[in-house]
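Here are my notes for you on this one. Keep the viewer open and follow along point by point.

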Amino acid sequence: MIPFDCHIHTSYSSDAECSMEEQFRAAKARGLREIAITDHVDYMYPAEPYPYQIDYGAYGREFRRVAAEFPGVRAAFGAEIGLGPGAEIAAEIARFAQAYPFDFIIGSIHDYYGGELHRDSALWRRDKREAYAEYLDYALRSFRACPAFSVAGHLDYISRYGPYPDPSLRYSEFKAETDAVLRFLIDSGKGLEVNTSGFRYGLGGVYPQPEILSAYKRLGGEILTVGSDAHRSRDVAADFDAAERAVRGAGFDKICVFRRMIPEFILIPF
Ligand SMILES: [Zn+2]
Ligand SMILES: [Zn+2]
């Protein structure tokens, strides 16, 4: 099993209830060697009060306190930031990323111009072909606008919410658009995340799906992290055996963890 979980939420995320201590304890119980605590920050949602902005000073202090109690679990101080293509948001994210000593930042697309994808999105008024192509282009423009991230989180997140008979973002159907995003990540030194919450959200596997992982590898991608996206302790490192099979199946012989925003490569088997 992969002993590195690089995507864990705590009660500092408004959609998670477990304490940082509980997440470290779960990681230790599962024999993990390293974790990254990556609570949400999203500047995009227009509603006040912003549900995904947290006191990062307190977050850092709590992180250091709890990490010191679990010396056997190496821990990265991270965040999962919701990205968008607007200049104002990009400046805010750049300031935020600079303000704290992050080891690792997941850049995720959770919304489309302020509309959360898991609710009603303007995208859903289009047919699937148009909506998914636009989503990928929006992701590309967001990654380009906000370079302060380490890896792209759950790249085919849209597969979870598209209101179509088959919501899966299939690589074969969106090859050119997906390749453009992957090429940008590779050329700009950014990585890709393998997220195992796809198993828990009914996607039947990791996401991005294996075809996208293979394409990333084929195009020259090397920086790959693996995360459970656990919002509960029982999900820490969930389905990590399957993640290892997916990573190996896509041709990777190493994965990464991050320290001070720099990838460290770890050879498989662990
Ligand atoms: Zn996310
Ligand atoms: Zn997450």
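1. Start with helix 5 and helix 7, whose crossing is right-handed. Helix 5 covers residues 175-187 and helix 7 covers residues 210-218; the two pack at an angle of about 50°, with their axes 10 Å apart. That angle is why the pair is described as oblique. Keep in mind throughout that you're looking at a predicted model.

2. Which residues do the touching in that pair? From helix 5 you have Thr-178, Asp-179 and Leu-182, and they meet Ile-212, Ala-215 and Tyr-216 of helix 7. Sorted by class, this contact has 4 nonpolar residues, 1 polar and 1 charged.

3. Now stay on helix 5 but turn to its other partner in these notes, helix 4. The axes of helix 4 and helix 5 come within 9 Å and cross at roughly 15°. An angle under 35 degrees counts as roughly parallel, so helix 4 and helix 5 get that label. Their crossing is left-handed, while helix 5 and helix 7 cross in a right-handed way.

4. Helix 4 supplies Ala-133, Leu-136, Asp-137, Ala-139, Leu-140, Phe-143 and Arg-144. Helix 5 answers with Glu-177, Thr-178, Ala-180, Val-181, Phe-184 and Leu-185. By class, that comes to 9 nonpolar, 1 polar and 3 charged residues. Look out for Thr-178, which is named here and also in the contact with helix 7.

5. Next, go to helix 1 (residues 20-29) and helix 2 (residues 56-69). Their axes come within 10 Å and cross at roughly 35°, and the crossing is right-handed. Met-20, Glu-21 and Phe-24 of helix 1 meet Glu-62, Phe-63 and Val-66 of helix 2. The class count for this contact is 4 nonpolar, no polar and 2 charged.

6. Two of those names come back when you click on Ile-37, which is in strand 2 (residues 34-42). Is Ile-37 buried or exposed? It has 29 C-beta neighbours inside 10 Å, so it counts as buried. Leaving aside neighbours within four places in sequence, Ile-37 is in contact with Met-20 and Phe-63, and also with Ile-8, Thr-10, Ala-75, Phe-77 and Gly-78. If you'd like a sense of scale, Ile-37 and Ile-212 are 175 residues apart in sequence and 25 Å apart in space, C-alpha to C-alpha.

7. How many residues are in the largest nonpolar core? There are 77, and those with the most contacts inside it are Val-226 and Val-247. The largest share of this core, 7 residues, comes from helix 4 (residues 128-145).

8. Most residues other than glycine have a negative phi, and most peptide bonds are trans. Here, the bond from Tyr-207 to Pro-208 is cis, with omega near 5°, and the bond from Ile-268 to Pro-269 is cis too, with omega near 0°. Pro-208 sits in the loop between helix 6 (197-200) and helix 7, whereas Pro-269 is in the segment after strand 11 (262-267).

9. Where do you find Asp-229? Look in the loop between strand 9 (224-227) and helix 8 (240-249); Asp-239 is in the loop between strand 9 and helix 8 too. Asp-229 counts as buried because it has 25 C-beta neighbours inside 10 Å, and Asp-239, with 20, counts as buried too.

10. Last stop: Gln-209, in the loop between helix 6 and helix 7. Setting aside neighbours within four places in sequence, Gln-209 is in contact with Asp-156 and Tyr-171. Gly-115 is 94 residues from Gln-209 in sequence and 24 Å from it in space, C-alpha to C-alpha.

Key: Residues numbered from 1 in each chain as written. Chains lettered and ligands numbered in written order. Predicted model: local features only at pLDDT ≥ 70, side-chain atom pairs only at ≥ 80, totals over all residues. Axes fitted to C-alpha atoms, helices over the stretch in contact; angles between N-to-C directions. Helix = DSSP H or I, 4+ residues; strand = E, 2+ residues; numbered from the N terminus. Left-handed = near helix turned anticlockwise from the far one by under 90°. Contact = placed C-beta atoms within 7 Å. Nonpolar A, V, L, I, M, F, W, Y, C, P; charged D, E, K, R; others polar. Core = buried A, V, L, I, M, F, W, Y, C linked by C-beta atoms within 7 Å. Buried ≥ 20, exposed ≤ 12 C-beta atoms within 10 Å, placed from the backbone. Parallel < 35°, antiparallel > 145°, perpendicular 65-115°, else oblique.
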